[in-house]
Amino acid sequence: MMNITISNLYDSDYQLWLENTINQLRRGDFQAVDWQNLLEELADLGKSERRALESLLTRLLEHLLKLTYWQSQRDYNQAGWKGEIRTFRKQIKKLLRDSPSLKPYLSEILEECYSDAREIIIDITQLDASIFPGEALASLEEILDENWLPDWEAINSDKSSEVN
């Protein structure tokens, strides 16, 4: 390879650096491996998985909130929202299948993701914030259950009876 050093290769052509590093590891040429950048990449992989899980859970909660509380749009949009809910659940399931040790992380981030989803939905719907509960709609198990949906009719009738 020309006059490019290993660390310069990382900065100038990531894909080539990656292929080169994989080949070095396969050959057992550990002395030639750019360990500093490799370790950073491995650490970033774990962060990336966590960020993906956080994003998927937040989006799932957003759509559950839309389905439950955005009454004026529900009839027109519920099929699409239910499709998105299914998609996010499947993506979370696949991530957890590949990295089951991340399951406890979902419990850790549930309230933060719910809070983020709640804020986003308040902005999107322009509905009064008091309509949306301060805590997650259900347990994590229910939220991830492919067959569970909030009973929006019961929730909304409860809200109506509180007002009357």
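This report walks through the fold, the helix packing, the cores and a few individual residues of the structure above.

## Ground rules

This is a predicted model, so to speak of local features a pLDDT of at least 70 is needed, side-chain atom pairs count only at pLDDT 80 or more, and totals for chains, interfaces and linings use all residues. Numbering starts from 1 along each chain as its sequence is written, and side-chain values use heavy atoms, with hydrogens and water left out.

## The overall fold

The protein chain has seven helices and zero strands. Here helices (H or I, at least four residues) and strands (E, at least two) are DSSP runs, numbered from the N terminus. Read from the N terminus on, the order is simply α-α-α-α-α-α-α.

Of the 164 residues in the protein chain, 35% are buried. Buried means under 20% relative accessible area, exposed means over 50%, and partly exposed is in between, with a 1.4 Å probe and protein chains only. As for contacts (heavy atoms within 4.5 Å), take those in the protein chain between residues at least 6 apart in sequence: 67% of them join residues at least 24 apart.

## How α2 meets α3

Two packed helices are described by the angle between their axes and the distance between the axes. For helix α2 (residues 14-27) and helix α3 (residues 35-69), the angle is about 105 degrees and the axes are 12 Å apart. The axes are lines fitted to C-alpha atoms, for helices over the stretch in contact, and angles run from 0 to 180 degrees between N-to-C directions. That makes α2 and α3 roughly perpendicular to each other; the cut-offs are under 35 degrees for roughly parallel, over 145 for roughly antiparallel, 65 to 115 for roughly perpendicular, and oblique for the rest.

On the α2 side, the contact is made by Tyr14, Trp17, Thr21 and Leu25, while α3 brings Trp35, Asn37, Leu38 and Glu41. By class, the contact of α2 with α3 has five nonpolar, two polar and one charged residues. In this scheme Ala, Val, Leu, Ile, Met, Phe, Trp, Tyr, Cys and Pro count as nonpolar, Asp, Glu, Lys and Arg as charged, and the others, Gly among them, as polar.

## Two nonpolar cores

In soluble globular proteins, nonpolar side chains tend to be buried together. A nonpolar core here is a set of buried Ala, Val, Leu, Ile, Met, Phe, Trp, Tyr and Cys residues joined through side-chain atoms within 4.5 Å. The largest one has 34 residues, and those with the most contacts inside it are Leu53, Leu57, Leu60, Leu61, Ile92, Leu106 and Ile143. Helices α3, α4 (71-98), α5 (103-125) and α6 (140-144) each supply at least two residues of this core. There's also a second, separate core of five residues, which includes Leu9, Tyr10, Val33 and Leu38.

Leu60 is worth a look: not counting residues up to four places away in sequence, Leu60 touches Ile85, Phe88, Arg89, Ile92, Ile143 and Leu144. Phe88 sits in helix α4 and is buried, with a relative accessible area of 6%. Leaving aside neighbours within four places in sequence, Phe88 is in contact with Leu56, Arg59, Leu60 and His63. Phe88 and Ser55 are 33 residues apart in sequence, yet 9.5 Å apart in space, C-alpha to C-alpha.

Glu49 is found in helix α3 and is partly exposed at 28% relative accessible area. Not counting residues up to four places away in sequence, Glu49 touches Leu95, Ser99 and Leu102. Between Glu49 and Ser99 there are 8.6 Å, C-alpha to C-alpha, with the two 50 residues apart in sequence.

Thr68 is also placed in helix α3, but counts as buried, at 0% relative accessibility. A polar atom of the Thr68 side chain lies 2.7 Å from the backbone oxygen of Leu64. Over in helix α4, Gln71 is partly exposed, with a relative accessible area of 47%. Gln71 and Trp152 are 81 residues apart in sequence and 8.9 Å apart in space, C-alpha to C-alpha.

## Two exposed residues

Asp11 lies in helix α1 (residues 6-12) and is exposed, with a relative accessible area of 65%. Gln126 is in the loop between α5 and α6 and is exposed too, at 66%. Most residues other than glycine have a negative phi. Gln126 has a positive phi of about 60 degrees although it is not a glycine.

Methods:
Polar contact = N/O pair within 3.5 Å; in protein donor to acceptor, adjacent residues only side chain to side chain.
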